[in-house]
Amino acid sequence: MSEPIRVLVTGAAGQIAYSLLYSIGNGSVFGKDQPIILVLLDITPMMGVLDGVLMELQDCALPLLKDVIATDKEEVAFKDLDVAILVGSMPRREGMERKDLLKANVKIFKSQGAALDKYAKKSVKVIVVGNPANTNCLTASKSAPSIPKENFSCLTRLDHNRAKAQIALKLGVTANDVKNVIIWGNHSSTQYPDVNHAKVKLQGKEVGVYEALKDDNWLKGEFVTTVQQRGAAVIKARKLSSAMSAAKAICDHVRDIWFGTPEGEFVSMGVISDGNSYGVPDDLLYSFPVVIKNKTWKFVEGLPINDFSREKMDLTAKELTEEKETAFEFLSSA
């Protein structure tokens, strides 16, 4: 058995964490021979609920869980971390402006970034899920100057998986038969799900999705808006936000960081845009197609970008630039 790794999940009393913790504990993220010390952080009023989660994790009798620590203190939670999965954030309340949401979250992620900087290993991998995820991730990274900014990523894998699933459903294949969809930009309704470079396996042969579907209107219209607005559709139907699918996407994202991406396949994640070749301004936390090897991601280079894509990619970059500016006003005063 290897040495245990320390993995933090924040917002640990919430519903995404409730779907996520079992998968981390049973070895489906870090492998079946990797012992884990699982650290659960939430706010003080949630500690009662968190105790219940702790009891349930104990009752799962998972052989890989060496220890489970539930806390409301950042100095306990962030100590010596190998992986931090930041799920907790201030949710948007009825009638709340996006600006107010940003302000509340800048405070949280500035504090958690500083705690990472002070207490975590410098090699820590940080995955931000709490929305607005891209800007929260950038805030945390800026607040942890001693941790390489490449170690920070935000979740757009749920959007990526949603896009994959829509194509698979339309073609009557399984999601596994679809690869190399891309989510560009912000994890918001301006994100751009792009299947210009995606492939699908039909009767044992790999073909381009555009060629396979022969329905450009759907791909440029309804497909894009369905993926962009899927989160809202789930809330409308369930009266709760996506939890099972979000937890599954977090597992996919973290597993790929840990073990790398399969040969010939790329995935989407929000990463720092510095040095990209797609005309996205530097210093944004933007979702790109990446390949991962030895726990290090690289941009997928040289994909041709058509005018339709260019316009959509610029639009979501513009939104992220505005979010960043608003957040940074608060950051200096937070």
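**Tour of the interface between two domains**

In this predicted model, the interface of domain 1 and domain 2 holds two salt bridges.

Next, colour the two domains. The domain assignment places domain 1 at residues 3-152 and domain 2 at residues 154-319. Their C-alpha centres are 24 Å apart. Which domain gives 27 residues to the contact, and which gives 32? Domain 1 supplies the 27, and domain 2 supplies the 32.

Now consider the area between them. The size of an interface is often stated as the accessible area lost when the parts come together. Here about 2400 Å² is buried between domain 1 and domain 2, and carbon and sulfur atoms give 64% of that area. Select Gln-15, Val-29 and Asn-134 in domain 1: these residues lose the most area to domain 2, and together they make up 25% of what the domain 1 side buries.

To view the domain 1 side by element, select α1 (15-25), β4 (83-86), β5 (125-128) and α5 (133-142); each gives two or more residues to the side that touches domain 2.

Last, colour this side of domain 1 by residue class. How many of its residues are nonpolar, polar and charged? The side that touches domain 2 has 15 nonpolar residues, seven polar ones and five charged ones.

Key. Residues numbered from 1 in each chain as written. Predicted model: local features only at pLDDT ≥ 70, side-chain atom pairs only at ≥ 80, totals over all residues. Heavy atoms only, no water. Domains from an automatic or database assignment. Contact = heavy atoms within 4.5 Å. Buried area = accessible area lost by both parts, 1.4 Å probe. Salt bridge = Lys/Arg side-chain N within 4 Å of Asp/Glu carboxyl O. Helix = DSSP H or I, 4+ residues; strand = E, 2+ residues; numbered from the N terminus. Nonpolar A, V, L, I, M, F, W, Y, C, P; charged D, E, K, R; others polar.
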